[in-house]
Amino acid sequence: MAALDAGRMRLDGRRPAGPTQRPRDAGTLIIVDEAGPAPRLLMGRRAAGHVFMPGRYVFPGGRVDAADLALASAFTLPEPALARLCAGPPARFDSRRATATALAAIRETFEEAGAMVGTPGAFEGRTTGFWGMFAERGIRPDPGGLVPLARAITPPGPPRRYDTRFFCVSATEMSHGPSLEDLPTDELEAVEWFTFDQVKELSLAAITLRVLADLEARIADGSWRDATRPMPFYRVVRGRFVRDFL
């Protein structure tokens with residue numbers, strides 16, 4: 001938590017004048033490959049020209065968009081996952097927005113890393129953009145297979161603020177990809193699989209390190225696939241980062 005507060009203090013010094021930006025709902029997906037002797041995680045480096053976390057290694061993810069919200073009505077998340085995702089503020093965050101957040105994590109994982117998490121089959125609804133590419137390949141996204149791991153709200157200061165739900169999923173849930181060289185977009189570069197030891201040598205934001213520690217502990221005790229486990233919630237309260245459980 002000290003590292004999170006140190007980062008928050010640096011951001012305070014760069015906070016622009018004017019009203020504080022409202023965080024936008026976002027989803028991030030951590031794909032875990034347990035096929036080898038040590039678990040590996042899919043991560044990529046954000047290009048130096050990006051406004052948010054330039055040059056940092058991150059998990060694929062991004063904000064919820066209108067297409068995710070429109071598609072959410074075609075899916076239902078398991079009750080344990082909904083309990084995790086809908087707990088805590090704000091009250092407007094309901095099952096539809098929770099499902100849209102999981103879908104955003106899946107869509108962004110394809111956009112940024114070329115990996116499609118889902119099962120063979122068609123899905124109803126108007127599918128455009130990247131969701132249209134799922135439909136063309138005959139892959140139905142599976143938001144119900146994602147396990148909520150953590151939640152974090154970006155403190156005031158950065159040019160972008162997000163209320164992010166972090167999910168994890170087994171690499172066996174991928175129906176396509178990832179594309180480590182020919183990526184669909186330029187959001188990430190140098191996308192690779194890393195062990196926990198290798199990840200700790202990368203340039204990471206403090207919150208990424210904190211969520212990594214949460215995941216490593218749950219892999220060690222065998223609970224990382226259990227959506228009934230309370231998840232940590234990181235946010236700034238009265239000027240300091242706090243860690244609650246949802």
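Strand 1 and strand 2 (residues 40–46) run antiparallel and are joined by two bridges; strands here are DSSP runs of E with at least two residues, helices are runs of H or I with at least four, and both are numbered from the N terminus. Two strands count as paired if DSSP finds at least two bridges between them. A hairpin of six residues leads from strand 1 to strand 2, and D33 stands opposite R40 in strand 2.

Before we go on, a word about the model: it is predicted, local features need pLDDT of at least 70, side-chain atom pairs count only at pLDDT 80 or more, and totals for chains, interfaces and linings use all residues. Residues are numbered from 1 along each chain as its sequence is written, and side-chain values use heavy atoms, with hydrogens and water left out.

Let's stay with strand 1. Its pairing with strand 8 is parallel and spans nine bridges, with V169 of strand 8 as the bridge partner of I31. Strand 4 (residues 61–63) runs antiparallel to strand 1, and three bridges join them; here G27 has G62 as its bridge partner. Strand 1 is also mostly covered, as nine of its 10 residues are buried. Buried means under 20% relative accessible area, exposed means over 50%, and partly exposed lies in between, using a 1.4 Å probe and protein chains only.

Now look inside. A nonpolar core is a set of buried Ala, Val, Leu, Ile, Met, Phe, Trp, Tyr and Cys residues joined through side-chain atoms within 4.5 Å. The largest one has 42 residues, of which L29, I31, V117, F134 and L146 touch the most other members. Elements that each supply at least two residues include strand 1 (24–33), helix 4 (95–113) and strand 8 (162–170). Helix 4 gives the most, with nine residues. What is I31 in contact with, leaving aside its neighbours within four places in sequence? Among its partners are L41, T109, V117, V169 and W193, where contact means heavy atoms within 4.5 Å. A second, separate core of 26 residues includes Y57, F59, A150 and I219.

Finally, find the open sheet of three strands, in the order 6-5-9 with antiparallel pairing. Strand 6 (139–141) and strand 9 (174–176) are its edges, each pairing on one side only. Two bridges join strand 5 to strand 9, and V117 stands opposite M174 in strand 9. Helix 5 packs on this sheet, touching strand 5 and strand 6, and its direction makes about 130 degrees with that of strand 6. Such angles run from 0 to 180 degrees between N-to-C directions, with axes fitted to C-alpha atoms, for helices over the stretch in contact.
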